[in-house]
Amino acid sequence: MKNEVNLGILATLRAKPGKEAEEEQFLKSALPLANQEAATVVWFAVRLDRSTFGIFDAFANETGREAHLSGPIASALMAKWKDLLAEPPTITKFDILAAKLAAAPRFS
């Protein structure tokens, strides 16, 4: 499969005070689900500061992006956000203008 990326999502997540470690663990636990999504070309869970986290994903097309947004990671996040987050997640869809992709090791 050719790894083309044309569309992306950035989810910004602000953990409730005292819930930072739980949010970090939640994001790490989502990696196996992301690995099962054939249409998700890249998926990153990141920490932006002490209490702010993010998920960055990229897709070849809108079908893949929408499948991810209605998939198990998004469902789990929406089910847990009131417990873990200080505010609803901010989901930003964007177009990718240029990208460099290289083979990378899988994280676990």
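This is a short chat about a predicted protein model.

Trainee: What should I know before I look?
Mentor: The model is predicted, so local features need pLDDT of at least 70 and side-chain atom pairs count only at pLDDT 80 or more, while totals for chains, interfaces and linings use all residues. Residues are numbered from 1 along each chain as its sequence is written, and side-chain values use heavy atoms, leaving out hydrogens and water.

Trainee: How many helices and strands are there?
Mentor: The protein has 4 helices and 4 strands. These are DSSP runs numbered from the N terminus: helices are H or I with at least four residues, strands E with at least two. From the N terminus the order is β-α-α-β-β-α-α-β.

Trainee: Which residues of α3 are buried?
Mentor: In helix α3 (residues 62–69) they are G64, R65 and H68. Buried means under 20% relative accessible area, with a 1.4 Å probe and protein chains only.

Trainee: Where do they sit on the helix?
Mentor: Seen down the axis of α3, they fall within an arc of 100 degrees, so they line one face. The arc is that of the directions from the helix axis to the C-beta atoms.

Trainee: New topic. Which residues touch the most other members of the largest nonpolar core?
Mentor: L13, L27, W43, I55 and L85, out of 16 residues. Such a core is a set of buried Ala, Val, Leu, Ile, Met, Phe, Trp, Tyr and Cys residues joined through side-chain atoms within 4.5 Å.

Trainee: Which element gives the most to this core?
Mentor: α4 does, with 4 residues.

How values were computed:
Buried < 20%, exposed > 50% of the residue type's maximum accessible area, 1.4 Å probe, protein only.
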